[in-house]
Amino acid sequence: MDKWKDWWRQEDRWIVLIKSLLLGALPLVCCMVYCAGRGRGIGEVYLPSSEWNDELFYYKQVEGIVKYGYPLGYFGFNESHALKLSFAAWSPVLVFPWVIWGALLGWNLMSPILCNIVLMCLCCLLFVWLVRPSWKQMGILAILFCLYTPFVRYMLSVMPEVICFSLLILFYALAINYLRGEKKHKLVLLFVLSGVMTLMRPYLLLFLLLPCWFWIRKSRWKGVLGSAVVLAGVLGMYGCIKHYFGAEYFAPLFFTDWVEAFFEQGFFGGVRYTLGKLYYMGLDFVQHTRQGFRTGLASGSFFGGFLVCMFVLAGQSLRDYLSLKKQGQPRKHLFVIEAHLALSFGAMFFALLLMYKLTEGSKHLLTFMAAAIFVISLMETRFYKKAVLVGITFAYFYSYMAVDDYDYLVPFVQEERRQAVEQWQEALEDALVPNMENVPSYENVIVWMLYDKVGDVNVNTQWQLLYALPEGFGVSCCMPEYVEAHFETLQSKYICVPEGGTVEQRCIQAGYVKIAAHERAVLYQRY
């Protein structure tokens with residue numbers, strides 16, 4: 001007992017505990033304040049009111065995993081499916097915290113939201129416990145956290161960004177803690193964290209390089225060989241996950257044409273092609289950023305915030321490097337973290353231009369900015385000019401210019417939508433019974449046709465009603481061109497289309513059985 005008391009007296013552990021609890025409560029407080037400002041509560045967030053259709057895929061996949069171990073029907077695009085089991089185009093590792101939450105506490109429409117909040121709270125608490133920031137640094141961190149409104153938007157959603165946020169922030173907290181006393185078990189944890197992140201999204205391999213550098217610096221050739229084995233193993237695992245458990249998307253998720261150019265056009269031809277692509281994509285990047293500054297275009301706003309964070313990190317890294325001898329060992333620790341994050345920002349910037357569609361790739365930058373907030377808050381600069389610059393940037397882009405409801409508005413319950421979903425649940429409960437033989441199979445799949453022509457107007461299918469599907473059913477998101485061309489040979493047993501469209505007329509003519517209908521969505525059984 002005396003040893004326990006003495007342990008708590010060391011380094012003012014009670015104060016550290018109070019700081020940890022205070023910052024740990026911040027994500028929950030931010031969500032509560034946001035909802036209260038709109039006259040709502042967190043319990044009124046309602047996923048079927050959202051316009052982000054990726055959320056339907058994530059939610060229903062986790063539901064199937066929790067209930068059966070994997071979905072009984074395929075998740076894919078234009079009826080594509082994984083070689084093994086029934087996951088969509090993204091790595092199933094991405095949702096493992098939700099799966100654990102669902103297995104322990106059950107899975108419903110509030111589960112991912114509560115899990116996200118708990119993850120961010122735990123992440124903030126552990127950051128303080130591992131890093132031990134001062135009260136001033138705590139204050140700066142709290143202000144920047146509140147100004148970075150994507151934290152709240154993604155916590156109150158079923159998008160996996162918060163999982164990436166929390167793991168990366170925890171990774172850097174552990175890295176700072178490791179540099180203060182290089183313990184072997186902490187290095188192992190860094191490899192595990194960064195390895196899991198890489199299996200979630202491949203560009204997070206950038207962070208696996210930091211523990212590799214730690215190991216190489218400490219053990220030289222042993223570290224070189226060990227790091228090579230770890231990198232090869234993680235990349236091999238990701239390759240297997242992508243090959244066997246990933247369904248083909250509408251288009252490539254990332255582009256490798258600039259790599260192919262080196263094989264097809266030779267070295268100098270590849271260099272010319274790569275520089276040309278960087279130039280033209282860079283022009284598009286600048287145009288998006290200008291639009292974000294002028295009109296609040298979400299992708300441009302993300303680019304603007306990303307650039308400011310990158311320049312702040314690069315500038316501070318350079319300054320710390322030049323004055324390292326004067327600053328002493330503690331500053332050296334933070335310099336390593338600042339420099340690595342700055343280099344990761346730069347690498348991701350070039351990866352975005354070369355390998356991603358700008359609009360779709362922009363949301364991947366949010367994870368980098370989330371980590372930058374925690375690192376920038378630790379910078380000990382005069383008058384905290386860099387933190388002020390980042391704060392003003394966030395306030396402008398993510399509060400003042402956050403005018404697009406689609407990108408920034410949290411979905412709260414709409415009585416009409418809730419009634420419609422409940423009606424579909426009642427209608428589908430008995431009509432859709434999963435086939436348990438030879439699963440996964442197309443007998444447990446619903447084709448969700450994105451849109452169809454009703455008269456002279458393209459009408460989107462009200463896909464939010466598919467949240468009412470029984471557990472285990474898969475969803476195949478299909479373009480109208482695919483459905484019309486393969487109407488007679490579709491493999492899926494069910495199809496959901498807009499009411500009154502050309503495809504619904506073909507469903508009626510084919511004698512398909514109507515199961516449920518509401519406004520812009522009609523569900524038919526094909527066979």
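Visitor: What is the relative accessible area of Glu415?

Guide: It's 42%, so Glu415 counts as partly exposed. Buried means under 20% relative accessible area, exposed over 50%, and partly exposed in between (1.4 Å probe, protein chains only). Before we go on: this is a predicted model, where local features need pLDDT of at least 70 and side-chain atom pairs count only at pLDDT 80 or more, while totals for chains, interfaces and linings use all residues. Residues are numbered from 1 along each chain as its sequence is written, and side-chain values use heavy atoms, with hydrogens and water left out.

Visitor: Which side chain does Glu415 meet in a salt bridge?

Guide: Side chains of opposite charge can pair when their charged atoms come close. A salt bridge here is a side-chain nitrogen of Lys or Arg within 4 Å of a carboxyl oxygen of Asp or Glu. Glu415 pairs with Arg418 at 2.8 Å, N to O. Both sit in helix H20, three residues apart, or about one turn of the helix. Arg418 is partly exposed, because its relative accessibility is 31%. Helices are DSSP runs (H or I, at least four residues; strands are E, at least two), numbered from the N terminus.

Visitor: How many salt bridges does the structure hold?

Guide: Eight. One of them joins Glu44 and Arg40 at 3.3 Å, N to O. Glu44 is partly exposed at 30% relative accessibility, and Arg40 is partly exposed too, with a relative accessible area of 30%. Then there's Arg217 with Glu182, at 2.4 Å, N to O.

Visitor: Why does the pair of Arg217 and Glu182 tie together parts that are apart in sequence?

Guide: Because Arg217 lies in helix H10 (residues 205-219) and Glu182 in the loop between helix H8 (161-180) and helix H9 (184-200), the pair links parts 35 residues apart in sequence. Arg217 is partly exposed at 29%, and Glu182 is partly exposed at 32%.

Visitor: Which residues gather in a patch of positive charge on the surface?

Guide: Patches are made of residues with over 30% relative accessible area and no salt bridge; like charges are joined within 9 Å, nonpolar side chains (Val, Leu, Ile, Met, Phe, Trp, Tyr) within 5 Å. Lys and Arg count as positive, Asp and Glu as negative, with His and the chain ends not counted. Each charge is placed at NZ of Lys, CZ of Arg, CG of Asp or CD of Glu. The positive patch gathers Lys183, Lys184, Lys218 and Lys222. Lys222 sits in helix H11 (residues 221-245) and is exposed, at 60%.

Visitor: And which residues gather in the patch of negative charge?

Guide: Glu422, Glu426, Glu429 and Asp430. Glu422 is in helix H20 (residues 415-431) and is partly exposed, at 39%.

Visitor: Which residues form the nonpolar patch on the surface?

Guide: Ile15, Ile18, Leu22 and Trp135, with about 400 Å² of accessible area together. Accessible areas come from the Shrake-Rupley method with a 1.4 Å probe; for residues, only the protein chains shown count as cover. Helix H2 (residues 13-37) gives the largest share, three residues. Ile15 is in helix H2 and partly exposed, at 38%.

Visitor: Is Leu334 buried or exposed?

Guide: Buried, since its relative accessibility is 9%. Leu334 sits in helix H15 (residues 329-355). Leaving aside neighbours within four places in sequence, Leu334 is in contact (heavy atoms within 4.5 Å) with Leu378 and Met379. Leu334 and Ile15 are 319 residues apart in sequence and 22 Å apart in space, C-alpha to C-alpha.
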